[in-house]
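Biologist: I'd like to talk through this model with you. Can you start with the ground rules?

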Amino acid sequence: MAKLSLGTRLFLSHFIVMLVGLGSFVVLAKLSSPKMFVLRLEQLEHQGFITVRSARTYLVKGFETAWNGSAVWSIIFGASAAGGLSYVAAERIMKPLNQMKAITQKFAAGDLAERMPESVIPEFNQLGNSFNRMASSLEGVEQRRQELISDLTHELRTPLTVVRGYLEELADGSIQPNSELYSRLVTETRRLERLTRDLQELSKAEAGYLSINLRPINLIDLLTTLVEKFTDQLLEDGPILKLDCPDDIPQVMADLDRTEQILVNLLGNAIRYTEKGEITLKVWRTKQEVWIAVIDTGIGISAEDLPFIFERFWRADKSRSRYSGGTGIGLAIARRLVELQGGKLEVTSEIGKGSEFRFCLPTV
């Protein structure tokens with residue numbers, strides 16, 4: 001049986017109420033008016049009226065009395081029936097809205113597990129499905145937020161403990177200052193800077209406060225510089241970094257610094273999770289866009305994790321060391337930076353075979 005829309009249900013409910021009111025009026029008037037009229041005639045006979053002509057005035061008055069009485073009862077019964085049906089229809093319409101109100105109050109109290117049940121009204125069913133998807137998204141964000149706070153607490157505690165330990169030992173003379181000690185302190189403070197910088201970048205990107213200076217840029221110069229810089233950082237037994245870029249790539253309308261930030265993030269991730277093999281920085285053009293891809297032969301990403309890879313507060317492998325796993329913020333920042341420049345960031349990957357992160361920028 002096809003489900004009726006809310007508009008159809010409202011129309012039918014009001015139409016039925018009208019029919020019930022009119023029908024009850026007609027039926028009661030038809031049933032009660034003759035009886036009341038006959039009763040009036042009997043009263044006239046007892047008063048001594050013999051002919052209808054002589055009793056015309058009283059007949060008319062008697063009919064009016066009978067009709068008025070039946071009309072009053074018809075109105076009372078019709079109004080009661082119409083009110084009852086309207087109440088039932090209103091309750092059925094308001095039930096899912098009241099359920100949604102109660103669930104939102106639970107959300108405000110911190111309980112995000114409640115969901116809207118299925119409704120027989122298509123519009124409310126669609127609203128309920130959208131509401132449930134929103135609730136699931138909020139629940140996931142809250143869970144990842146809690147996980148991020150836990151991860152960041154652990155990340156912050158370690159360098160702070162190391163720095164405090166060294167400073168305390170320096171203060172009481174337990175150890176002597178040397179270049180190696182200072183190098184360790186610098187490493188820990190840089191780790192703290194990375195965490196605070198990532199959090200600041202993410203908050204600005206999501207709030208729309210990041211400044212984007214769009215202008216024509218030459219990608220070849222930028223890509224060549226990045227490949228040279230990252231190649232110098234690779235070990236001899238590490239992966240090989242290659243650039244695959246045609247000479248006729250047109251200029252793109254983008255922010256040079258933000259584009260470099262995106263590429264540094266993607267190349268850094270590729271190097272981090274590719275111990276051996278190749279990392280290719282590939283560029284190609286379509287009609288109105290230029291695509292840039294970072295293709296590696298590293299550990300890859302599982303199919304279950306791919307839908308969440310760009311979400312904030314999320315990391316695929318919870319067992320990764322804090323020194324290699326990052327904070328789960330970099331890719332969220334990269335995606336937002338690409339979107340602010342009018343492009344999109346995509347990923348394909350397979351466990352054990354590697355990953356491909358690609359994004360596009362509009363041509364001039």
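This is a predicted model: local features need pLDDT of at least 70, side-chain atom pairs count only at pLDDT 80 or more; totals for chains, interfaces and linings use all residues.

Biologist: Which residues does Leu 223 touch, not counting residues up to four places away in sequence?

Modeller: Leu 223 is one of the residues touching the most other members of the largest nonpolar core. Such a core is a set of buried Ala, Val, Leu, Ile, Met, Phe, Trp, Tyr and Cys residues joined through side-chain atoms within 4.5 Å. Buried means under 20% relative accessible area, exposed over 50%, and partly exposed in between, with a 1.4 Å probe and protein chains only. Leaving out residues up to four places away, the list for Leu 223 is Leu 243, Cys 245, Leu 263, Leu 281, Val 283 and Ile 292.

Biologist: How many residues are in that largest nonpolar core?

Modeller: Nonpolar side chains tend to be buried together in soluble globular proteins. Here Leu 263, Leu 266, Ile 292, Phe 357 and Phe 359 are among the members touching the most others, and the core has 39 residues.

Biologist: Which element gives the most to this core?

Modeller: Helices (H or I, at least four residues) and strands (E, at least two) are DSSP runs numbered from the N terminus. Those supplying at least two core residues each include helix H6 (256-272), helix H8 (330-340) and strand E7 (354-362). The top contributor, with six residues, is H5.

Biologist: What is the strand order in the open sheet of five strands?

Modeller: Two strands pair if DSSP finds at least two bridges between them. Strand E2 (residues 240-244) runs parallel to strand E4 (residues 278-285), with five bridges, whereas E4 is antiparallel to strand E5 (residues 289-296), with seven. E5 and E7 are antiparallel too, again through seven bridges. With its mixed pairing, the sheet reads E2-E4-E5-E7-E6.

Biologist: At what angle do H6 and H8 pack?

Modeller: Axes are lines fitted to C-alpha atoms, for helices over the stretch in contact, and angles run from 0 to 180 degrees between N-to-C directions. The H6 and H8 axes are 10 Å apart. Among the residues making the contact are Ile 262 and Leu 266 of H6, and Ile 333 and Leu 337 of H8. The packing angle is about 145 degrees.

Biologist: Is Ala 102 buried, partly exposed or exposed?

Modeller: Ala 102 lies in helix H2 (residues 56-108). The C-alpha atoms of Ala 102 and Glu 114, twelve residues apart along the chain, are separated by 9.6 Å. The relative accessibility of Ala 102 is 35%, so this residue counts as partly exposed.

Biologist: And what share of the chain's residues count as buried?

Modeller: The chain has eight helices and seven strands. Of its 364 residues, the share counted as buried is 34%.

Terms used: Residues are numbered from 1 along each chain as its sequence is written. Side-chain values use heavy atoms; hydrogens and water are left out. Contact means heavy atoms within 4.5 Å.
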